Amino acid sequence: MAVSKLKKIKLVSHNSFRNTMLEVLQRRGAVHVCDLTEEDSAGKKPVNAQAEEEAVSRLNFSLAFLAPYATETGFLEKLSAGKPVLPSQKLSQLVKETDINAIFEQCTRINHDLKLIDQDTRHAHDEIETTAPWKKLNCPLESLGATDSSFIKTFFIKIEALDGFLNASGGLCVHCREIDRAENKAMLLIAAHRSDREKFQETLETFNLEEVSWGELTGTPAQRIKALENRVKELDQKKRDLEAEARSLLKNRSNLEFLCDYYLNAKHKLEIQDCFRETSSSFILEGWIKESGIEALLTDLRQYSNDWAYEILDSDETPPVVMENKPMAAPFEAVTNMYGLPKYDEVDPTPILAPFFFVFFGLCLADGGYGLILTGLAYWALKKFKLPEESRGMVKLGLYCGIATILAGVVTGSWFGDLARYLPFDALTRFLKGLSLFDPIYEPMIFMALALNLGVFHICTGIYTKFSQHLKRQEYSDAFFGQIPWLLLFLAVELYWIISTGYLSPVLGGYLKWVVYFSLGILFFFGGRGTVNPLVRLGKGFLELYESIAYLSDVLSYSRLLALGLASAVIANVINMISSLVLGVPFLGYLMLAAIMLGGHTFNLLINTLGSFIHTSRLQFVEFFPKFFEGGGKTI
Amino acid sequence: MRRIVTMDMGMIMAVAGAAIAVTFSGVGSSIGIGHSAQAANGAMSVDPKNFVNFLILSVLPGTQGIYGFVAAFFVINKIGLLGTPVALTTAQGWQIFMACIPIAIGGWFSGIHQGKVSAAGISVAVKQEKDFMKAVIMSALVETYAVLALLITIMLLLFIKVG
């Protein structure tokens, strides 16, 4: 029901037993190995895991390369299938038979070739684009160019400038032919004699002609374009062939995944030996192990050999933290994990926050129908899908929260909002209403009072936990001067409230007055316990009283339970109301009703479940934990 | 005509009070969460594993909107809109309107500024992961004033005499 007790264990063995021992340790996962060579490297032998590392990286590359070619299995199929399993003899066979390097080289080659093809295709497309405007030019490109006395070149000119250019060049010794027009440009083929070179150059510049040079290219533009298109087709075909080759490698995919796991484990096994102290023929390892797991590990090791020794050490060091909780509270570890693990000597907050989380979540969502859906989904997911360990916790949490929601829904009489009102089942409606205690929309004050009182109870639990922690650590002054006054104050406030509702006699109020004065007095005079200077002491006492504003803020924060509870109920009611309006439409009415109900309630469920989870967690983390919990425990 | 308008003025102003309570505090929360969630998304692009810390910091400025909602519900309850509407005089309507102003304006500005503090707290969550609760406490310092505003709104609403 707490942080597990860990002990330090020292194992010594002969090198002949090394591999078997490592195998057992890795399989059980029972020992958190400490690095013995951290502070002094006596007996440290360098570890070479390079071969394994290279194998892992090659496998990862191949898997990443093949991933896009795989046909995607549906998400649900993947969940119900779980992770693939391979028996260990088949694994050793696989390791011997598979040539990782060959597969890696094949993948690298295909990858490289595909990249080159992509590049070439892009170049070809670019060239087609630049050549395309000149389709109608029938002279071969190698014939364009310059000689000593003349030149034939191609130019772009803006259409507006065309007439002006033609006029201007009329007098010069040039021959201009328009090849084509496109958008706002015209393509010209110009043959000119060099006699009027400067004037012609000027004219070219005045009218902003852009020269297009063709370099060493041959053939007419049309021919070039055809050649390029053929090339693109060729490249496409090659690409398809390469992709088919990649797809043929897919059949190895699951084998590669198994091998990757194998080599990773081998790498870890090698790397962990970096933490051992060694001599030429033996080695020592130290680590943390759960007290409850010691016997099992020793029995397992004894099965193989007796050539080893162990010792349980008394250690002053702080062990890493492993949480162990009863099955009822265990799913709520997910919430504690979000915040951080408790320190080794701290109390595990999980079993304390569990009932509060349960109740608060229920109040936030508070709908029988939604609760049934949540519980049903969670239960189905747990049964049908082989979920990995980490997700199981969260789904179980969802299951419990679903049950809480159903209970809250029964209490508030909310089943998909006020759906019961629209249905003709009077008996059912009356039954459900009979079960309910209050309607949050019409009696929000009751809900508010419930929320705030739960808040006070929650905060007082936190203060009490801190109180008992102080007692355990024998910090008596902190316990009695620091925590008890606040508990008394909260108790007094609660009693005042009960008096105001008339259930207790006002005479009690007179006595409560003294309790309040007493508590305030202790806070004021002992808030600065430990300071000698009286002024500073009173100043600190005053600051201690200021904490009451923080407590007030904390209590008011619980009004969000009312807000969230109302929000989900009101939205559900609105959805029901809109659906009932839609029913009037002929023919399509029922269809629209179904659509709105389905979509609306799903939306409401999703948004409010998320909101409930977030705000309930926030209440634990911001209002509850800071009262007593530090966190920051080392993870294993 | 004038008498009818004057008679209804009470109800109008009371409803207006509920409206501004929830509107302005909602605006404050939206802008505040907007600031902090933008910062959180930026941080997540580099450090996605700390999502829960970012979520907590981002959602902190949301309190003001909830408080405004609660205040509005108090008003609705008080003026009896979900049943038989209480006959409010103009003076009472104005009183209710004024009672809603603390949470409206207080929630508005404290929400925005709490969002800015939370956004700055995202840096703490990224660079000093273990000290992230200190950033949360910093953000909660601003919330104190929203709490005080809500408290006064509720107290005023509880003790205004209607009907």
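**Notebook: cores and the A–B interface**

I began with the largest nonpolar core, which has 59 residues; Phe490(A), Leu561(A) and Ile96(B) touch the most other members. I took a nonpolar core as buried Ala, Val, Leu, Ile, Met, Phe, Trp, Tyr and Cys residues joined through side-chain atoms within 4.5 Å; buried means under 20% relative accessible area (1.4 Å probe, protein chains only). Helix α3 (residues 63-79) of chain B gives this core the most, nine residues; helices are DSSP runs (H or I, at least four residues).

This is a predicted model, where local features need pLDDT of at least 70, side-chain atom pairs need 80 or more, and totals for chains, interfaces and linings use all residues. Residues are numbered from 1 along each chain as written, chains are lettered from A in the order written, and side-chain values use heavy atoms, without hydrogens and water.

I looked up Phe490(A) next. Its contacts (heavy atoms within 4.5 Å) include Val456(A), Ile459(A) and Tyr551(A).

Then I turned to the interface. Chain A and chain B each bring 24 residues to the contact. They bury about 2,300 Å², 81% of it on carbon and sulfur atoms; this is accessible area (1.4 Å probe) lost on being put together, summed over both parts. Met445(A), Leu556(A) and Arg618(A) supply 20% of what chain A buries there, more than any other three residues.

I checked for salt bridges (Lys or Arg side-chain nitrogen within 4 Å of an Asp or Glu carboxyl oxygen). One crosses the interface. Arg618(A) and Glu143(B) form a salt bridge at 3.8 Å, N to O. On the side of chain A that touches chain B, α21(A) gives the largest share, six residues.

Methods: Buried area is the accessible area (1.4 Å probe) that two parts lose on being put together, summed over both. Helices (H or I, at least four residues) and strands (E, at least two) are DSSP runs, numbered from the N terminus. Buried means under 20% relative accessible area, exposed over 50%, partly exposed in between (1.4 Å probe, protein chains only). Lists of a residue's contacts leave out its neighbours within four places in sequence.
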